[in-house]
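Thanks, everyone. I have one structure to walk through today. Please take a look before I start.

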Amino acid sequence: MLMQNIWILIPAYNEETVIASVIHEIRSAGYSNIIVIDDGSRDKTGEAAQETGVIALRHRLNRGKGAATKTGIEAAKHLGADIIVTMDGDGQHDPHDIRNLIDPIKHNH
């Protein structure tokens with residue numbers, strides 16, 4: 001099965017200072033379909049994400065990581081995602097690990 005439509009979701013809360021670098025690292029790893037869900041941040045997380053050119057969605061109120069992830073999944077499904085990967089907005093996940101995660105899916109394992 002050849003899947004091409006891979007979306008990376010980043011639920012984020014008060015990550016204004018690091019979100020752009022997280023997005024840059026994901027792009028450097030070869031992924032360009034990125035959705036950031038600003039979960040009611042009190043800083044400018046959403047604006048910082050939007051300035052990078054990704055899809056930036058926003059919850060007006062903080063609803064929690066689960067709700068932000070669900071919002072992102074629904075958006076990615078609407079955009080025709082074949083594979084959806086979530087990454088933390090604080091940079092704790094290595095985007096180069098995405099390939100190891102999705103390769104078994106791409107090869108039906």
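Asp 88 and Lys 65 meet through their side chains in a salt bridge, at 2.6 Å from N to O. Asp 88 sits in the loop between β4 and α4, while Lys 65 belongs to helix α3, residues 65-78, so this pair ties together parts that are 23 residues apart in sequence. Is Asp 88 buried or exposed? Asp 88 counts as buried, at 11% relative accessibility. Keep in mind that this is a predicted model.

How many salt bridges does the structure hold? Three. Let me take the other two in turn.

Next is Arg 58. Its partner in a salt bridge is Asp 38, and the closest N and O atoms are 2.8 Å apart. Arg 58 lies in strand β3 and Asp 38 in strand β2, so parts 20 residues apart in sequence are tied together by this pair. Now compare the two ends. Asp 38 is buried, with a relative accessible area of 1%. Arg 58 counts as partly exposed, at 47% relative accessibility. The cut-offs matter here: buried means under 20%, and exposed means over 50%.

The remaining pair stays within one helix. Lys 77 and Glu 74 form a salt bridge through their side chains, 3.3 Å from N to O. They are three residues apart in helix α3, so about one helical turn separates them. An α-helix has 3.6 residues a turn, so residues three or four places apart point the same way. Lys 77 is partly exposed at 48% relative accessibility. Glu 74 is partly exposed too, with a relative accessible area of 42%.

On to the sheet. In what order do the four strands come? The order is β3-β2-β1-β4, in an open sheet with parallel pairing. At the edges are β3, residues 55-59, and β4, residues 83-86, and each of them pairs on one side only. From one strand to the next, the twist averages 20°.

Take the β3 end. Five bridges pair β2 with β3, in the parallel sense. Asp 39 has His 59 in β3 as its bridge partner. How does the chain get from β2 to β3? It crosses through α2, and this β-α-β crossover is right-handed.

Now the β4 end. β1 and β4 run parallel and are joined by four bridges. Leu 9 stands opposite Thr 86 in β4. Across β1 and β4 lies helix α4, residues 98-106, which runs at about 155° to β4.

Last stop, helix α1. This helix covers residues 19-28, and its buried residues include Ile 19, Val 22, Ile 23 and Ile 26. Why do the buried residues line one face of the helix? Seen down the axis of α1, they fall within an arc of 100°, so one face is what they line. What do they pack against? Three elements: β1 at 6-12, β2 at 34-39 and α2 at 45-50. After α1 comes Gly 30, with a positive phi near 105°.

To recap briefly. The predicted model has an open parallel sheet of four strands. The buried residues of α1 pack against β1, β2 and α2. That's my tour; happy to take questions.

Technical notes
Residues numbered from 1 in each chain as written. Predicted model: local features only at pLDDT ≥ 70, side-chain atom pairs only at ≥ 80, totals over all residues. Heavy atoms only, no water. Buried < 20%, exposed > 50% of the residue type's maximum accessible area, 1.4 Å probe, protein only. Helix = DSSP H or I, 4+ residues; strand = E, 2+ residues; numbered from the N terminus. Arc of directions from axis to C-beta. Contact = heavy atoms within 4.5 Å. Pairing = 2+ DSSP bridges. Axes fitted to C-alpha atoms, helices over the stretch in contact; angles between N-to-C directions. Salt bridge = Lys/Arg side-chain N within 4 Å of Asp/Glu carboxyl O. Right-handed = clockwise from strand over helix to strand, strands pointing away.
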